[in-house]
Amino acid sequence: RAQTAPGPDLSKLLANFTYLPVTYNGPTPLPYKQRWADDGMPAFPRQPAYQIIPQRPEPLMMPMSDEGEHKLLRKMLFDNNVLLVGEHHERNEDRLLFVCLLRRMRGIFKDLALGVEMVQMQFQDALDAYVRKDIEDDDAADEALLAATEWKRRWPWPFETYKDIFRFARSRGIPLVALNTPSEVQVKVQLLGLPGLQGDERRQCVPDGDGFFDMMQNTGFREYASEVIRAQFNWHRESGLLGTSPVMENFLAARMVWDETMATNAAKFVEQNPRRKLIVLAGSDHVKYGFGIQARLERIAKKFEIGPKTYDAFKVGSLMLNPTSEESLSENKHLRLALGVDLTRKFGYPLSEYIWFTPNIDPGRLSRLLNEEDGPLWISKKPPYKGGARINRRLYRDDGNAIIVD
């Protein structure tokens, strides 16, 4: 039931805007024609694009207008040497959204390259031949690529859902970069832990051995491993994907090698092609909260002096497509924007620096997201993901009074 209440200072509310109200499927897009709620409150369409500002004491979510989307894409490209894009392998809408964004980014900056988690590093020659159009017929080229990369054996999701992305790169001559760890290496580490990685395999996947092990002592990484990777281990174990006696330490080791390999291959490409902007398409678990690929790539680039030789540091940005409250490790429908309070690069990262939602998600399944035009969202200081605390939401009118919605 709606009640009226005086509205507090809006700047303080915006500073505390930590949790974005979404359901597991993301926020609801409303019709672009303004509507009015039963209580007379205007209901505005939410914007698909957001930037997370890692300010203190808590991160701020900034929505982008239609005009701001183009500026945000430019910012993503020109502020970073590498842009990581987190997708959900099981959701085709993420790939459709990504190919649309890739087209727009290609219109902004021509010298792009696309790194893909779907192809393992030993098959780089197959990607090069695909982009060079050694086989002119597109369908035949797709079949040759599937065979050469052993796609059906090494990647569990069908090529059809990625075909538009690969075809676009091929049609525009955008280099494709194979990033993933060989399956043979993954199996060894999952069974034997880090001692299973030796010789040339270790030098190829983990060239910065000291940095790799030092990162395990990082406070932020420990929190990330405890919350993010342990949650993934529990899910895989409960799904029966890890056999009868899975070991958390080996699962963590395999995941670390996986992320380190992708970061290493991305760094090698940038070192060899400094004028190109590398877009990396990988699973959301490798992108969220920064300590998957992002922190490793920044560390490797610094170690081997990759990137601009000026005062500008090598920069890696992150973009999540259609993130859910579940994967953000929130215990209710609010999207969690950070694991901890300190969002400096040393101790922690936000969920991602940018978020983009598919505009046409079914609104019947989702809860509405507030725009700047709606007024800010107030959330109690008690974290909503602890014990399922009830949250009051206040929508502020122009006169400063609030509608409290329980």
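Where is the place of Glu-150? Glu-150 sits in the loop between H5 and H6. Helices (H or I, at least four residues) and strands (E, at least two) are DSSP runs, numbered from the N terminus. The model is predicted: local features need pLDDT of at least 70, side-chain atom pairs count only at pLDDT 80 or more, and totals for chains, interfaces and linings use all residues. Residues are numbered from 1 along each chain as its sequence is written, and side-chain values use heavy atoms, with hydrogens and water left out.

Phi of Glu-150 is near 55°, a positive value in a residue other than glycine. At 28% relative accessibility, Glu-150 is partly exposed. Here buried means under 20% relative accessible area, exposed over 50%, and partly exposed in between (1.4 Å probe, protein chains only). Tyr-289 also is not a glycine, and has a positive phi of about 60°. Tyr-289 belongs to the loop between strand E10 (277-283) and helix H13 (294-303). Its relative accessibility is 0%, and Tyr-289 counts as buried.

Helix H13 itself comes next. Eight of the 10 residues of H13 are buried, so the helix is largely enclosed by the rest of the structure. The buried residues are Gln-294, Ala-295, Arg-296, Leu-297, Glu-298, Arg-299, Ile-300 and Ala-301. Their cover includes two strands, E7 (82-87) and E11 (316-321). It also includes helix H10 (209-215), helix H11 (219-238) and helix H12 (248-272). Contact here means heavy atoms within 4.5 Å. After H13 comes Glu-305, with a positive phi near 55°.

Salt bridges were searched for across the whole structure, and 20 were found. A salt bridge is a side-chain nitrogen of Lys or Arg within 4 Å of a carboxyl oxygen of Asp or Glu. One of them pairs Glu-69 with Arg-104, with the closest N and O atoms 3.4 Å apart. Glu-69 lies in helix H2 (residues 66-78) and Arg-104 in helix H3 (residues 92-108), so this pair ties together parts that are 35 residues apart in sequence. Glu-69 is buried, at 8% relative accessibility. Arg-104 is partly exposed, with a relative accessible area of 36%.

Helix H3 also holds Cys-100. Cys-100 is partly exposed, at 43% relative accessibility. Cys-100 and Ile-165 are 65 residues apart along the chain, and their C-alpha atoms are separated by 9.2 Å.

Another salt bridge joins Lys-75 to Asp-79, and the closest N and O atoms are 2.8 Å apart. Lys-75 is partly exposed, with a relative accessible area of 31%. Asp-79 is partly exposed too, at 34% relative accessibility.

Arg-154 forms a salt bridge with Glu-184, where the closest N and O atoms lie 2.8 Å apart. This pair links distant parts of the chain, 30 residues apart: Arg-154 is in helix H6 (residues 151-154) and Glu-184 in helix H8 (residues 183-192). Arg-154 is buried, with a relative accessible area of 13%. Glu-184 is partly exposed, at 37%. Elsewhere, salt bridges that share partners join Asp-208, Glu-260, Arg-296, Arg-299 and Lys-303 into one network.

Helix packing was examined last. Two packed helices are described by the angle between their axes and the distance between the axes. Axes are lines fitted to C-alpha atoms, for helices over the stretch in contact, and angles run from 0 to 180 degrees between N-to-C directions. The axes of helix H5 (residues 138-149) and helix H7 (residues 163-172) come within 12 Å and cross at roughly 115°. H5 and H7 are therefore roughly perpendicular (65 to 115 degrees) to each other. In the contact, Asp-138, Asp-139, Ala-141, Asp-142 and Leu-145 of H5 meet Lys-163, Phe-166, Arg-167 and Arg-170 of H7. By class, this contact has three nonpolar, no polar and six charged residues. Ala, Val, Leu, Ile, Met, Phe, Trp, Tyr, Cys and Pro count as nonpolar, Asp, Glu, Lys and Arg as charged, and the others, Gly among them, as polar.

H7 also packs with helix H4 (residues 124-132), at an angle of about 60° and with the axes 7 Å apart. Leu-127, Tyr-130 and Val-131 of H4 make this contact with Phe-166, Arg-167 and Arg-170 of H7. The residues of the contact divide into four nonpolar, no polar and two charged.

Key: Angles under 35 degrees count as roughly parallel, over 145 as roughly antiparallel, 65 to 115 as roughly perpendicular and the rest as oblique.
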